[in-house]
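The sequence and the structure come next.

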Amino acid sequence: MKIGVMVESFRKDFREGVAEAAALGAAGIQAYATAYGTLNVDTITKDKLREALDIVHSHGMVFSAICGDFGVGFTDPEKNAVYVDKSKRVLELAKELECDVVTTHIGTVPAEECETKEIMRSACRELAIFADTMGSAFAVETGPEKAQILCDFLDSLGAGGVRVNFDPANLVMVAADNPQTAVATLGKYIVHTHAKDGIKLDTSLRKDIQVAIGGEAAGHDQLLAMGRAYLELPLGEGDVGFDTYLPALAATGFDGFLTIEREVGDDPAKDIRLAADFLREKLAILGL
């Protein structure tokens, strides 16, 4: 397996972020193609695309995936008319960056059949067929629903172009799902992963958590009282369980990117460096 980094996690400009990822020994980077990132599909020029690809290649890396998350999901048919088309454009942009994977969130898939689920299915089926024609994957990020619900939904699309960006921490923090069993359920669809860790506060038995909020230490119960339902933590400090998760991921046949994503914390560069070291050590010990 290869280590990647979400370049925006460094909170620096694209060139600096790529250089920092390379310095950590990463093999690839993921970047946003929405308004959040440098590669914004609505504004980027062909020259800027070529420049971005040259920057990545000059550091001996590739794009592990492109993030096409516009923050809206696919539950609203009026918005779908706009964002399905935008998502197709991101798939095309990714191809120009020599990348076959675009990741996104599609919204929470309902467990039961309903109008919302059929609206989501229609949008995802259209994207699946489009991605198939390009040899690409539009990868849904795990988290809002349990793995079996997502797997059954993907099975119902009738096309293979919509796949999975497996984020074990999201499953732990939001869906209260087990990464080891979830990865087996979704294994046939996984094309990219995020390396992240965390806990779901209302179910966690760990009460020794302390984080700085507004300059003061806050514990598990205080965080709950503040309305926090989950907490992202450095790799190895949450409930993902990398000693069992990584072998379970390997057992699916996956040999792609573990892309570090760090969305919180005051020193992201330090956290990303520690995460890369953590993953290298685990992969070496586990022989992966």
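Which residue in E2 is the bridge partner of Val5? In this predicted model, the partner is Ile29. Strands E1 (residues 2-6) and E2 run parallel and are joined by three bridges. Between them the chain passes through helix H1 (residues 14-23), in a right-handed β-α-β crossover.

On pairing with E3 (residues 62-67), E2 is again parallel, with five bridges; here Gln30 is opposite Ala65.

| Strand pair | Sense | Bridges |
|---|---|---|
| E1 and E2 | parallel | three |
| E2 and E3 | parallel | five |

Five of the five residues of E2 (residues 28-32) are buried. Gly28, Gln30 and Tyr32 lie on one side, Ile29 and Ala31 on the other, and both faces are covered. In a regular strand, side chains alternate between the two faces of the sheet.

Helix H7 (residues 179-186) has Pro179, Ala182, Val183 and Leu186 buried. These residues lie on the same side of H7, because the arc they cover around the axis is only 100°. Their packing partners are helices H5, H6 and H9 and strands E6 and E7. At the start of H7, the backbone nitrogen of Gln180 is within 2.8 Å of a side-chain oxygen of Asn178.

Strand E7 (residues 190-195) contains Thr193, which counts as buried because its relative accessibility is 0%. The Thr193 side chain reaches the backbone oxygen of Phe257 at 2.8 Å. Thr193 also touches other residues, including Asn165, Phe166, Tyr245 and Leu249.

How values were computed:
Residues numbered from 1 in each chain as written. Predicted model: local features only at pLDDT ≥ 70, side-chain atom pairs only at ≥ 80, totals over all residues. Heavy atoms only, no water. Helix = DSSP H or I, 4+ residues; strand = E, 2+ residues; numbered from the N terminus. Buried < 20%, exposed > 50% of the residue type's maximum accessible area, 1.4 Å probe, protein only. Polar contact = N/O pair within 3.5 Å; in protein donor to acceptor, adjacent residues only side chain to side chain. Contact = heavy atoms within 4.5 Å. Arc of directions from axis to C-beta. Pairing = 2+ DSSP bridges. Right-handed = clockwise from strand over helix to strand, strands pointing away. Lists of a residue's contacts leave out its neighbours within four places in sequence.
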